[in-house]
Amino acid sequence: MSTLQGNDFEDGNVLGGPFAEIFVHDLTAATGQCRFCGLDGPMAAVHVYTRAPGVVVRCPGCQEVLLRLVSTPRGLELDASGLSHLSWKL
Amino acid sequence: MTSELLGRTVLSWRVAELVESWPETASARALVLEVPEWPGHRAGQHVDLRLTGPDGYTTERSYSLASPAERSPDGWRLQLVVQRVADGEVSPYLTDVFAAGNLIEVRGPIGGWFVWSPREGGGAPVLLVAGGSGIVPLMSMVRERRFRHDRTPFRLVYSLRTRADQLFADELNRPGSGDGGVETFVLHTREDSPRRPAGRITAADLAAWGWPADFAPRCFVCGPTGFVEEAARLLLSLGHSPDDIKTERFGPSGP
């Protein structure tokens, strides 16, 4: 499937595995705030696009990109510039 | 035990062996994987499976756990259900080729949000809303409740295309002892069922077979993206609080 359709995404629940390689705490149990629209909500509810090189995470409110995670033979690249805040209740 | 693990997730890939499998429907297969060590998991959590080809190419998929882990002489047994996606890269292998004795890598348990355990929620009733194979993590909650002898009132509204597509049919249609308090309503989108004509889930279904919003039930909705969006919208329209609705969607590739 090469086109990006409205429903062509999974949700933040799938981020637990890939992000366990980066964060000690479970990303799906965190809340995050979008830098673009200010929406502050559970990371489990974000939109996740995996049919791309890497993982692209978009805000469910405004569809801007919150996170990009790319794994290459040379290493792991995380662009988190779309998030202004992440928090965990411990 | 598991909450500590959720607080500090250090997940690594483990090698699992397929010890048992059976068809749940014509296109879905239950897989029982055995791992030597397992930290336990909460109902609703999932695992990632990793396949590696002879050329070193690897691919990963997330699958919901369908039941609590079971102790076995050689470790722990984990049950998954894989729905075959016709043009899928992974699911046809898992449903049609992957055989007892074969090995696969597993990472988990994963997910600290779309989970239920008897201790949480202060006795609030639970509404489970499943679309298609979205039943799998919700079945894990039903089984966890039974396993723990918990008395939280559960209602399950399960939407599927036809009767032949129903997962866990025997278990849901003839609940075992200890399942008192789990009420199941199945609706079909492509054929009439005894209680309802064919059609997609409606507010009337959720009003009749769910809980009144005044009871503040905790709602867990799982299914394909379109189904989840619609069911969540209907629950909100019936007055349920967004804070009480947890959703898990799977995309076009299926779970």
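Visitor: In which strand of chain B is B:Pro109 found?

Guide: Welcome! Keep in mind that this is a predicted model. B:Pro109 belongs to strand S7 of chain B, which covers residues 103-110.

Visitor: What kind of peptide bond joins B:Gly108 and B:Pro109?

Guide: Start with the general idea: most peptide bonds are trans. Here, the bond between B:Gly108 and B:Pro109 is cis, with omega at about 0°.

Visitor: Now the inside. Which residues touch the most other members of the largest nonpolar core?

Guide: That core holds 81 residues, and those touching the most other members include B:Leu80, B:Leu128 and B:Phe220. Take B:Leu80 as an example: leaving out residues up to four places away in sequence, B:Leu80 touches B:Leu31, B:Leu33, B:Tyr63, B:Leu65 and B:Ala66.

Visitor: Let's turn to chain A. How many helices and strands does chain A have?

Guide: Chain A has 1 helix and 8 strands. Along the sequence they follow the pattern β-α-β-β-β-β-β-β-β. The radius of gyration of chain A is 13 Å, close to the 12 Å that the globule rule gives for 90 residues, so chain A is as compact as a globular protein of that length. Its C-alpha trace spans about 40 × 30 × 20 Å along the principal axes, and buried residues make up 34% of the chain.

Visitor: How far apart are A:Glu10 and A:Ala45 in sequence and in space?

Guide: They are 35 residues apart in sequence, and their C-alpha atoms are 9.3 Å apart in space. A:Glu10 lies in strand S1 (residues 10-11) of chain A. A:Glu10 has 24 C-beta neighbours inside 10 Å, so it counts as buried.

Visitor: How many residues of chain A are in contact with chain B?

Guide: There are 20 from chain A, in contact with 22 residues of chain B. On the chain A side, S1 and helix H1 (16-19) each supply at least two residues. That side has 10 nonpolar, 6 polar and 4 charged residues.

Visitor: Where is confidence lowest and highest in chain B?

Guide: The score to read is pLDDT, and its mean over chain B is 90, with 93% of the residues reaching 70 or more. Confidence is lowest in helix H1 (residues 2-7) of chain B, at a mean of 44, and highest in strand S8 (residues 126-131) of chain B, at 98. Over residues 1-9 of chain B the pLDDT is below 50, and this stretch has 16 contacts in the model beyond near neighbours in sequence.

Visitor: What ipTM and pTM does the model score?

Guide: The ipTM is 0.76 and the pTM is 0.89.

Definitions and conventions
Residues numbered from 1 in each chain as written. Chains lettered and ligands numbered in written order. Predicted model: local features only at pLDDT ≥ 70, side-chain atom pairs only at ≥ 80, totals over all residues. Core = buried A, V, L, I, M, F, W, Y, C linked by C-beta atoms within 7 Å. Buried ≥ 20, exposed ≤ 12 C-beta atoms within 10 Å, placed from the backbone. Contact = placed C-beta atoms within 7 Å. Helix = DSSP H or I, 4+ residues; strand = E, 2+ residues; numbered from the N terminus. Rg over C-alpha atoms; globule rule 2.2 N^0.38 Å. Nonpolar A, V, L, I, M, F, W, Y, C, P; charged D, E, K, R; others polar. pLDDT = per-residue confidence, 0-100.
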